[in-house]
2 protein chains.
Amino acid sequence: MSKNEMCCMRCNHELCASRVQIFSELNKEELGRVVSLITRKHYSKGELIIIEGSTLDNLIIINSGQVKIFRNTQEGKEQILYVFTEGDFFGEKNLIKNQVATFNVEALEDTNICMIKKSDFQTLLRKFPDISLKIMEELSNRLDKLESTIQKMGTRNVEARVNAVLLEFANKYGKHDARGILVDLPLSREGIANYIGLTRETISRKMSLLMDEGIIEMVGYKKIIIKNIQALEQSIE
Amino acid sequence: MSKNEMCCMRCNHELCASRVQIFSELNKEELGRVVSLITRKHYSKGELIIIEGSTLDNLIIINSGQVKIFRNTQEGKEQILYVFTEGDFFGEKNLIKNQVATFNVEALEDTNICMIKKSDFQTLLRKFPDISLKIMEELSNRLDKLESTIQKMGTRNVEARVNAVLLEFANKYGKHDARGILVDLPLSREGIANYIGLTRETISRKMSLLMDEGIIEMVGYKKIIIKNIQALEQSIE
DNA sequence: ATAAAACTGTGATTGAAATCAAATAGTAAG
DNA sequence: CTTACTATTTGATTTCAATCACAGTTTTAT
């Protein structure tokens, strides 16, 4: 049995729809109608889900796993725009006229996605205007986040940018334990660098400083423990 | 007679609604209904329209004039996020739950705005789902723009950022004439600096270089003529 | 368990924009 | 039209992240 089928058996598509914020106003029956429009797919860690320039005529919702959304800069480095996880969606752009993707999407770990054809989705939006309101809300949140990112990138305050990323990951992936907040980092040092427009080495150095100050602790390369979250929060404003 | 009244006489509110992209799918009668929900206001150059932290329970559409949307950074500098002009709107955030503004808005010149209460606007959206699609489209466009901005800020390529701003202003405000594209700059050097996260002096120096290269020409401090737009376009990709 | 591969940390150097400091040009108010 | 004021340009210096180089560590695949 393929991973794909296994996954479908387990959730009968419903997980996709029900765990997604944008469908949260729908009742059981309406949800059922949405679910009937969904097809699913599995990607292994490292696989490209979307390539910049390809046509993208589906709305894609992440059911499990996580992905990075990135573009390539002039110099060939990747600029990571978002790290999306369970419940996040993308491909909502150009709902009206289909256009090619302006970004790449790569699975950061094994990931299951749900897809709805844009044409189907449009019909859905006209039938349930509340979904639109939810999407607008989410788009507004993203705008907020990007605006803050730009604000941070605008200042020369490199420490604040690094600390802000660590806080973001702490909020998304952090688990409290006796030693502090244990955070599974979704990105390597280089990934973090590409996310906030710095270099690998600078991330290393800034994180080492945070360790010297006792604010964080490193557990291997992929986990950190935040010992003093207030210190991080203060530094970013 | 106040400016406000004069303005209302002139356009009977209709201009606001009709010249705005998001209402473009509505017919005359529907437009009339929208117009009945609108109130208007005039601001002089330099006046603050919205202050960060104040409650913002209106959708605001710019009828004439232009404004800058900005936040204050830690160091007290302003980070300009958008320069909005006729037909642009803001305040669409938190349509559901009213929240305080996360930004300031200041009139860059004499400006007339149209306001619709968020609650009224929500009703409108439920009645005309196509408006939602239009708004999503616009929000997507803004996301696109911010994503590109981040991509540019991510690179250390300062020239590209400066050139991109000049191109943006050329597209928005440029008028072709015999000498090239005449652009009325909406922002001072310092304003431009605050828009793209550099300093006043760096903007001066980069613009002087562009002049030495014959790519632009300065007409006083507030206008430029772009002599070689291809050169600018090439530099940003 | 082990070895290969990938990632990370750190020192030395470089380079480019920030900062500091005047001088100059443009704008606005009367 | 003149004057005062404000914005801009330009030069000298400083600062800090990028870059280069390489050693050390962790992860992964077998």
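Predicted model: local features only at pLDDT ≥ 70, side-chain atom pairs only at ≥ 80, totals over all residues.
Local features are reported at pLDDT of at least 70 and side-chain atom pairs at pLDDT 80 or more, whereas totals for chains, interfaces and linings use all residues. Residues are numbered from 1 along each chain as its sequence is written, chains are lettered from A in the order in which they are written, and side-chain values use heavy atoms, without hydrogens and water.

Helices and strands are DSSP runs numbered from the N terminus, with at least four residues (H or I) for a helix and at least two (E) for a strand. Strands count as paired if DSSP finds at least two bridges between them. In chain B, four strands form an open sheet in the order S2-S7-S4-S5. Their pairing is antiparallel. Strand S2 (48-50) and strand S5 (78-85) of chain B are the edge strands, and each pairs on one side only. On average, neighbouring strands of this sheet are turned by 30° against each other, direction ignored. Axes here are lines fitted to C-alpha atoms, for helices over the stretch in contact, and angles run from 0 to 180 degrees between N-to-C directions. Within the sheet, strand S4 (residues 66-72) and strand S7 (residues 104-107) of chain B are joined by four bridges in the antiparallel sense. B:Phe70 has B:Asn104 of S7(B) as its bridge partner. Helix H5 (residues 129-154) of chain A packs on this sheet. Contact means heavy atoms within 4.5 Å. The chain A helix touches S4 and S5 of chain B, and its direction makes about 130° with that of S5(B).

A further open sheet of four strands in chain B has the order S1-S8-S3-S6, again with antiparallel pairing. Its edge strands are strand S1 (39-43) and strand S6 (89-90) of chain B. S1(B) pairs with strand S8 (residues 111-117) of chain B over five bridges, in the antiparallel sense. B:His42 stands opposite B:Asn112 in S8(B). Helix H4 (residues 118-127) of chain B packs on the sheet and touches strand S3 (58-64) and S8 of chain B. The direction of H4 makes about 70° with that of S8(B).

Helix packing was also examined within chain B. H5(B) and helix H6 (residues 158-173) of chain B pack at about 150°, with axes 9 Å apart. H5(B) is therefore roughly antiparallel to H6(B), a term for angles over 145 degrees. On the H5(B) side, the contact is made by B:Lys145, B:Lys152 and B:Met153. H6(B) contributes B:Ala160, B:Arg161, B:Ala164 and B:Glu168.

The structure holds 28 salt bridges over all chains. A salt bridge places a side-chain nitrogen of Lys or Arg within 4 Å of a carboxyl oxygen of Asp or Glu. One of them links A:Arg71 and B:Asp144 (3.7 Å, N to O). A:Arg71 lies in strand S4 (residues 66-72) of chain A and B:Asp144 in helix H5 (residues 129-154) of chain B, so this pair joins two chains. A:Arg71 is buried at 7% relative accessibility; buried means under 20% relative accessible area, exposed over 50% and partly exposed in between, with a 1.4 Å probe and protein chains only. In chain B, B:Asp177 and B:Arg179 meet in a salt bridge at 3.0 Å, N to O. Both are partly exposed, B:Asp177 with a relative accessible area of 30% and B:Arg179 with 44%. Elsewhere, shared partners join A:Arg71, A:Lys93, B:Asp144 and B:Glu147 into one salt-bridge network.

Conventions:
Parallel < 35°, antiparallel > 145°, perpendicular 65-115°, else oblique.
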